[in-house]
Amino acid sequence: MNPPSNTPLWLADPHITTATLASPITADVVVIGGGLCGTSAALHLAKLGVDVVLLEARTIAQSASGRNAGFILQGTAERYNRAVDLMGRQRAKRIYRWSLENHHRMAETIVQESIDCQYRRRGSLQLAGSKTEEAELKASAALLREDGFEADPISQSMLTPTLVGAGFTMGVHIPADGELHPARFVRGVATAAARHGARLFENTTVTHLDASNVGDVLVTTSHGNVSAAFAVVATNARAGDLLPYFADKVDPVRGQMLATEPCPTLFDHPIYANHGYDYWRQDADNRVILGGWRNLDPDGEVGHDERIHPGIQTQMRAFLDRLSVKAKVSHSWSGIMGFSRDGLPMVGPVPGHPGALAGVGFTGHGFGFGFLAGIALAESIVDGE
């Protein structure tokens, strides 16, 4: 029996890389990081007529943006009742509406730019496996409905036999959520950015950023330099490498993932369980995509090493058995997320670096915020706000 591939499922597609930066160039704006936020910023800057260069140390979407479960969820990493407790009702409501706008802009771009990324909007399902989690889900759903969001409680009798057999007692369906092939989407956004005039350079590692003056930004890379008026830093977990301001504000956290071979349909929605630590779905090819379980070793699942955690992967495979998934595991991988200290993204000008803006700290919910964050960064540069 062949062991599973350690290449992320989403990155198994053929990818024609762009050139590596080989000589000094100039631009109005240089974007550092070829993930969701960086490609979005590059696309929207280019559409606004800005001369923009994007630099990626590896290939587009090769880091966290191509290593996740492909969920597009509203809100933060916290459920709504918890978000309200932490940040207040009005701020929580505003952040949730912002994430819905992020989803809307992504769906709009998929159509406008003809991006083939297996996008579906089937909603998501949050599951409870204990009385404590039941109470939390019910409280969250009630608050969501009071504030004008969709949230439909589902009793155990309405759950599928697979989920009931796995021990889940009730759920909440969030109709506005979606899913996609994350790498195809991000690479599609990058392709659209290039079509609108952005210059993309992959396999180009940035070694130093001097953004001490607006209009006189210098980016040093392994092969050549970029001079620009502004820099947008969209390296998420790596933000502190270039901007010391983020060194104690964005932490690298590892997440484990696996995918099975195609199998019969068991799940109709992306699913979150165990307070968000466990999540899975079936993609358009009917593979089960499973991730999470970081809570089994929170101190060990930190750092920048994209390593497989054998113990967590073993527990994930055992969970597949609990879900009656019989298909063979075809891919096992991990990815590094950038966690902020308060769970919210950090988007905007960088203190102490007048020539830099950043979109980082997405705390495992980059596809809920990152695309609109890129748009916000692009518009703030053009509008000066």
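Val-217 stands opposite Ala-228 in β12. This is a predicted model, where local features need pLDDT of at least 70 and side-chain atom pairs count only at pLDDT 80 or more, while totals for chains, interfaces and linings use all residues. Residues are numbered from 1 along each chain as its sequence is written, and side-chain values use heavy atoms, with hydrogens and water left out.

Strands β11 and β12 run antiparallel to each other, paired over four bridges; two strands pair if DSSP finds at least two bridges between them. Both belong to an open, mixed sheet of four strands, ordered β1-β12-β11-β10. Since β1 and β10 stand at the edges with a single partner strand each, one side of each is left without a neighbour in the sheet.

| Strand | Residues |
|---|---|
| β1 | 25-26 |
| β10 | 206-210 |
| β11 | 217-221 |
| β12 | 225-228 |

Zooming out, the chain has nine helices and 20 strands, taken as DSSP runs numbered from the N terminus (helices: H or I, at least four residues; strands: E, at least two). Its C-alpha trace spans about 60 × 55 × 40 Å along the principal axes.

Of the 385 residues, 55% count as buried, meaning under 20% relative accessible area with a 1.4 Å probe, protein chains only. As for contacts (heavy atoms within 4.5 Å), among those between residues at least 6 apart in sequence, 74% join residues at least 24 apart.

Notes:
Buried means under 20% relative accessible area, exposed over 50%, partly exposed in between (1.4 Å probe, protein chains only).
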